[in-house]
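Q: Hi, I'm new to this one. Could you walk me through it?

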Amino acid sequence: MASITYDKACCVYPGADKLAVDSLDLDINDGEFVVLVGPSGSGKSTALRMLAGLEDIDSGQIRIGGDNMVGVAPKDRDIAMVFQNYALYPNKTVGENMGFALKMRGVSTEERTKKVADAAKLLDLTDFLDRKPAKLSGGQRQRVAMGRAIVREPQVFCMDEPLSNLDAKLRVQTRTQIAALQRRLGTTTVYVTHDQVEAMTMGDRVAVLKHGVLQQFSTPTELYDRPVNAFVAGFIGSPGMNLFTAPVTDGQISISGSVIHVDEESKAALRNSGISSVIVGIRPEHLELSDEGRGLAADVALLEELGSETYVYASVADQSIRNLDGEPMILVARSHERAPAKRGDGVRLHQSDRAVHLFHPESGERLV
């Protein structure tokens with residue numbers, strides 16, 4: 001096991017005019033489970049491949065256990081990789097797949113058999129050691145790929161979207177198993193996903209990337225409660241945060257005659273910034289359907305019934321209120337009532353007494 005440091009690490013692909021990974025700085029503790037998350041093209045997989053030695057580090061450094069990995073061959077980094085597509089040998093049994101890397105190292109048959117048996121017990125694969133991959137389910141194949149990594153007892157696990165090929169229910173089950181297994185083994189793990197729910201539920205800390213640039217590296221709770229910019233605010237959370245631009249007058253934000261309540265610190269920040277408009281962020285759980293005639297007028301466009309709660313998607317009646325893409329605003333509110341309204345109904349959305357997030361209208365950076 002070892003700590004990992006990305007020190008202004010950069011990677012650029014031949015012919016590209018932008019860096020795939022741009023001056024990435026990360027300090028990952030020994031035994032920590034860190035998730036790299038972001039949309040397609042954010043550089044998360046490239047950053048992982050740089051760590052594994054599958055992509056060159058064009059400038060900066062990546063250190064594992066204090067040792068600089070620039071120029072070090074992948075086989076000499078003591079890293080085990082788990083891929084999206086399992087990469088199992090179809091002509092070998094589960095046991096042979098799991099022990100193949102040890103066999104190539106010259107590990108004795110007796111020791112190899114013991115390591116494979118121990119890993120199979122951890123992963124509930126003992127009854128499948130003599131089967132070929134074709135006779136396994138997708139979840140079982142992914143566990144075999146995990147077992148192949150575990151038997152090597154590496155310093156670091158690198159996992160590149162290992163659950164992408166699984167169905168929704170199996171993904172939830174398997175991500176729980178992977179997170180529990182990592183905590184049991186205590187091996188430093190870097191995990192890549194585009195699924196922010198997966199990132200939030202698995203990682204000790206999460207690094208959010210956009211266009212190769214690190215946006216925020218923090219705990220899941222900190223990312224949710226205090227996103228550093230509008231991009232992180234909109235990316236983290238499901239459904240995403242409601243984000244729209246609103247005018248500022250004397251430290252107050254008012255839209256369609258409805259005042260958005262902010263604390264005194266936020267009011268002072270608005271006055272001191274001198275800005276005439278601000279990006280407002282309100283999470284769906286902090287919007288309520290009001291039956292008192294107060295709040296923002298909207299028309300119900302869609303209802304998402306989830307059993308324990310309902311998400312109401314409502315088109316704002318005031319067409320001057322736009323989202324960050326300049327399109328008419330659709331606000332999302334969470335209700336614990338079942339069917340709190342019908343599609344086409346006129347409703348009013350009222351901000352609860354919970355947090356409002358404010359971001360600079362040009363830079364998108366958090367104000368307070």
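**Pockets, core and backbone**

A: Happy to! The second largest pocket holds about 230 Å³ of space, a volume being the space filled by probe spheres set on grid points joined across faces, edges and corners. A pocket here is an open set of points on a 1 Å grid over the protein atoms alone, where a 1.4 Å probe fits, with protein on both sides within 12 Å along at least five of seven lines; lining residues have an atom within 4 Å of a point. This is a predicted model, where local features need pLDDT of at least 70 and side-chain atom pairs count only at pLDDT 80 or more, while totals for chains, interfaces and linings use all residues. Residues are numbered from 1 along each chain as its sequence is written, and side-chain values use heavy atoms, without hydrogens and water.

Q: Which residues lie nearest the centre of the second largest pocket?
A: Glu 288, Leu 289, Arg 334, Ser 335 and Glu 337, out of 13 lining residues. Strands E15 (287-290), E18 (330-335) and E19 (346-351) each give two or more residues to that lining; strands are DSSP runs of E, at least two residues, and helices are runs of H or I, at least four, numbered from the N terminus.

Q: And how much space lies in the largest pocket?
A: About 450 Å³. Among its 16 lining residues, Ile 79, Ala 80, Met 81, Phe 83 and Arg 152 are the closest to the centre.

Q: What classes of residue make up the lining of the largest pocket?
A: There are 12 nonpolar, no polar and 4 charged residues. Nonpolar covers Ala, Val, Leu, Ile, Met, Phe, Trp, Tyr, Cys and Pro; charged covers Asp, Glu, Lys and Arg; the others, Gly among them, are polar.

Q: New topic: which residues touch the most other members of the largest nonpolar core?
A: Met 98 and Val 208, in a core of 41 residues. Such a core is a set of buried Ala, Val, Leu, Ile, Met, Phe, Trp, Tyr and Cys residues joined through side-chain atoms within 4.5 Å.

Q: Where is His 211 found?
A: In the loop between strands E9 (205-210) and E10 (213-218). His 211 has a positive phi of about 50 degrees, though not a glycine.

Q: Is His 211 buried or exposed?
A: Exposed, because its relative accessible area is 61%; exposed means over 50%, buried under 20% and partly exposed in between (1.4 Å probe, protein chains only).

Q: Which peptide bond is cis?
A: The one from Ser 238 to Pro 239, with omega near -5 degrees. Most peptide bonds are trans.
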